[in-house]
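Colleague: Could you take a close look at the salt bridges in this model and walk me through the residues that make them?

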Amino acid sequence: MLWVTAAWGACFVAIEWGLRDAPLLWFAALRAVVAGAALLALGGLQHRPGPTGRRAWGLLTVLGLVNVTVAFAAMFAGVAGGAAGTAAVLANAQPLLILLPAWWMFGERLSLRTAAALVVGFAGLVLVALPGGGGRGAALSLLAAAAVTAGTLLSRRLAGLDLVTATAWHLLIGGAGLVLLAAAVEGAPVISWTPRFVVSLLFLALVGTAATTVAWFTEARHSRLDTLTAWTFLTPVLGIALAALALGERPGRWTTVGLAAVLIAMWAALHAPRRTPAPAVRVASPERRDGDRRPGRAHPRRPGERHHT
């Protein structure tokens, strides 16, 4: 998760750079298609099995449309509509959004501390979204976070499928949706294939999408979702740091307060104590002379009866 969150944090700077040379939706579509094609080629070289059956293809279609078409379009638009550092925070609000669905769908219970973290995290998101560069870009980044959260929940249904080929096909299906959306909204693509754009696209597709998505889906299969997604609190930290270094963005005072609240909430959710049932221990209380057997009183021994401890 350390390298996954580092790669995701760098993605927002790569998106900012790439958008200087390509339209928003076409750039997002290229990211998904190149990543899916690379994973499909890898699966073919390793002779991995492909998905079969209507259920598998139906799940991959829904996952691709939610986790790729909606998430990528909203994520790219969020960066274009606001500061990259702010978008990095809001688009990675997944730890705060997934806790209630994880409890409802998979029985991952919430503690009072986690519930308090949700309230603090929501307040931090409001501070970031409104006075700290909110508006259209903030709303789109939150939409991206919600779509990625839904994708993480759906990824648990991929049991029995090879993750490399399943990830490849869901990226290709979602990329096809982005191509149709880009053609309808932006028309024919007008892209400047500069070295900066090529490097940004390859990093986003191969590292920030193909490799990280396989790793993320792998962990989502056997980890608690609240613990897993809480790792992404590192992503906005790295995104803001890289945006400050590479793009010269400086978060304002209220944005900094909001970011701190979000990170504290994520940390609290990650370190929330797990409730474990205490072992049942019988404590013998003093015997009553009248042989009272009320709850909490020890059973008096009969003559000749052995006492077992």
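Modeller: At 17% relative accessibility, Asp 162 counts as buried, where buried means under 20% relative accessible area, exposed over 50% and partly exposed in between, with a 1.4 Å probe and protein chains only. This is a predicted model, in which local features need pLDDT of at least 70 and side-chain atom pairs count only at pLDDT 80 or more, whereas totals for chains, interfaces and linings use all residues. Residues are numbered from 1 along each chain as its sequence is written, and side-chain values use heavy atoms, with hydrogens and water left out.

Asp 162 forms a salt bridge with Arg 48 (a side-chain nitrogen of Lys or Arg within 4 Å of a carboxyl oxygen of Asp or Glu), and the closest N and O atoms are 2.7 Å apart. This pair links distant parts of the chain, 114 residues apart, since Asp 162 sits in the loop between helix H8 (136–155) and H9 while Arg 48 sits in the loop between H2 and H3; the helices are DSSP runs of H or I, at least four residues, numbered from the N terminus. Arg 48, at 33% relative accessibility, is partly exposed.

By this rule the count comes to two salt bridges, and another pairing is that of Arg 196 with Asp 21, whose side chains meet at 2.9 Å, N to O. Arg 196 lies in helix H10 and Asp 21 in the loop between helix H1 (2–18) and helix H2 (24–45), so the pair ties together parts that are 175 residues apart in sequence. Asp 21 is buried, with a relative accessible area of 8%, while Arg 196 counts as partly exposed at 36% relative accessibility.

Note on methods: Helix = DSSP H or I, 4+ residues; strand = E, 2+ residues; numbered from the N terminus.
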